[in-house]
Amino acid sequence: MKETLIDRKGRAMKRISLQKRVELRRLYVAEMPRWRRPLIGYLVTFPIVGLGLLVLLLEQLALPNLYFPGAPLLIATLLVALFWGVGPALLSVALGTICLDYFYISPYMRFNILSAQGILQLLPYIIAGLVVAIIIAQREGARYRALYAEQVANEHADELARTNAKLEQANQLKDQFFSMASHELKTPITSIRGQAQLALRRMAKERTTDSEMATVRTALEAINEQTRRLNTLVEDLLDLSSIRAGKIPLSMGKCDLAQLCRAVVEEQRLLSSRVIDLAVPSEPVITEADGERLSQVITNLVSNALKYSPEARPVLVRLSKEDRKAQIEVQDDGPGIAKEELQNIFEPFYRAAHARTSSQNGMGLGLAICKDIVERHGGSIWCESSPGKGSIFFVELPLGR
Ligand code: ADP
């Protein structure tokens, strides 16, 4: 079980295990320049302390009343600690203590480090040396912790990258599956629909009034309608996966957005017999685009507006031009969309709560397809809406590309 410590602010901290410390130490040493490695530190401690001693002896000659005999040796300890760390620093304190005792406290070559007088005289130097070593140890500890944090962050980043790669792979597999399943479904659905339509046409020609035949006709009509829905769904699925995979190259060309809006609105008026108001500039709004795909986007938005708003209420399509951008708005008086659902409606298969509970058919693919098409044109699509207040869908496209 991993031990958990609590820091002064009550946050949980992990204790670094001994094995991890050894590993960190190795990493810490590996990061150092060669001349600062501990082994070299232990070796250079001897000449540096020797140098300190030499300075001390020269000082003693120059200044007979020397008051701080430990100073040169302390400077040596400081230098060793600074460049080579705790171990060599402790060695230099030990060597310095011996030197001071031998050359300074005991002028008659009497080794009296264990005597009370010797210990008392050497104590300030020993304490100062140990304080230096402790400070350096703390610095090393902080460096270990930083290294540890860096390692943990790197491990998390690696794990995140691996998970991302797996998700990406799963996503590709899902797209591949959709694409293959849609292809496989398309042929039998088309065939069933064709057969149903053929039988309906034959029955219409024979003009039978038989009640049994009437039941068969109703069944065939139901098959025709349901296979039409299935076909639309399969086509949407194929569209989505192909657009996503970049398999459908956009056939770009000069395109008048005003004309495009007019054509879509006219078609939708005919199909739905609903009031659709149109406000477009009188002059053409030209952009470089795939006209068919953009027309698919506007059709989708208008048919959604018609689908989700009351029959008696009009739908408004507006096109405006500003600087180097064109904006298409499709506004309706439908149920509106809750704020928390707005960010999801452009995701494949997402249907807002009102759509899930309503009798309106749909698979939640239309807006996802619109988003991909618009974004491939370098534009953006979004919706402003609130429950009970209708919705406005916006499409912004760059002009004059
Ligand atoms: P579908 O309409 O097939 O469900 P779409 O991708 O076209 O799929 O739309 C996704 C969802 O966004 C719909 O299920 C609906 O909840 C919501 N939505 C789209 N257009 C409108 C609209 N004009 N008014 C209210 N909700 C809408």
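By class, the lining of the second largest cavity comprises seven nonpolar, one polar and three charged residues, where Ala, Val, Leu, Ile, Met, Phe, Trp, Tyr, Cys and Pro count as nonpolar, Asp, Glu, Lys and Arg as charged, and the others, Gly among them, as polar. The model is a predicted one, in which local features need pLDDT of at least 70 and side-chain atom pairs count only at pLDDT 80 or more, while totals for chains, interfaces and linings use all residues. Residues are numbered from 1 along each chain as its sequence is written, and side-chain values use heavy atoms, with hydrogens and water left out.

The residues that line this second largest cavity are Tyr-28, Met-32, Arg-36, Ala-81, Leu-82, Phe-83, Trp-84, Gly-85, Ile-136, Arg-139 and Glu-140. The volume of the second largest cavity is about 50 Å³. On a 1 Å grid over the protein atoms alone, a cavity is a set of points where a 1.4 Å probe fits but cannot get out, whereas a pocket is an open set with protein on both sides within 12 Å along at least five of seven lines, and lining residues have an atom within 4 Å of a point. Grid points are joined across faces, edges and corners, and a volume is the space filled by probe spheres set on the points.

The count comes to two cavities of 30 Å³ or more, and the largest cavity has a volume of about 60 Å³. Its lining is made up of Lys-174, Asp-175, Phe-178, Leu-237, Leu-240, Ser-241, Arg-244, Pro-348 and Phe-349, with α5 (116-206) and α6 as the elements that give two or more residues. Phe-349, in the loop between α9 (339-342) and α10, has a positive phi of about 70° although it is not a glycine.

The largest pocket has a volume of about 1,200 Å³. It is lined by 44 residues, of which Asn-300, Asn-304, Lys-307, Asn-361 and Gly-362 lie nearest its centre. The largest share of that lining, ten residues, comes from α8, and the residues of the lining divide into 18 nonpolar, 18 polar and eight charged.

Helix α2 can be followed along its length. At 1.5 Å a residue, the 25 residues of α2 (residues 38-62) should span 36 Å, and the end C-alpha atoms are 35 Å apart, which agrees; the expected span is 1.5 Å times one less than the number of residues. The helix bends by about 35° at Val-44, and a proline, Pro-47, follows within four residues, the bend being the angle between axes fitted to the seven residues ending there and the seven starting there.

Thr-45 lies in α2 and is buried, with a relative accessible area of 0%, where buried means under 20% relative accessible area, exposed over 50% and partly exposed in between (1.4 Å probe, protein chains only). Leaving aside neighbours within four places in sequence, Thr-45 is in contact (heavy atoms within 4.5 Å) with Val-80, Pro-88, Leu-91, Ser-92 and Leu-95.
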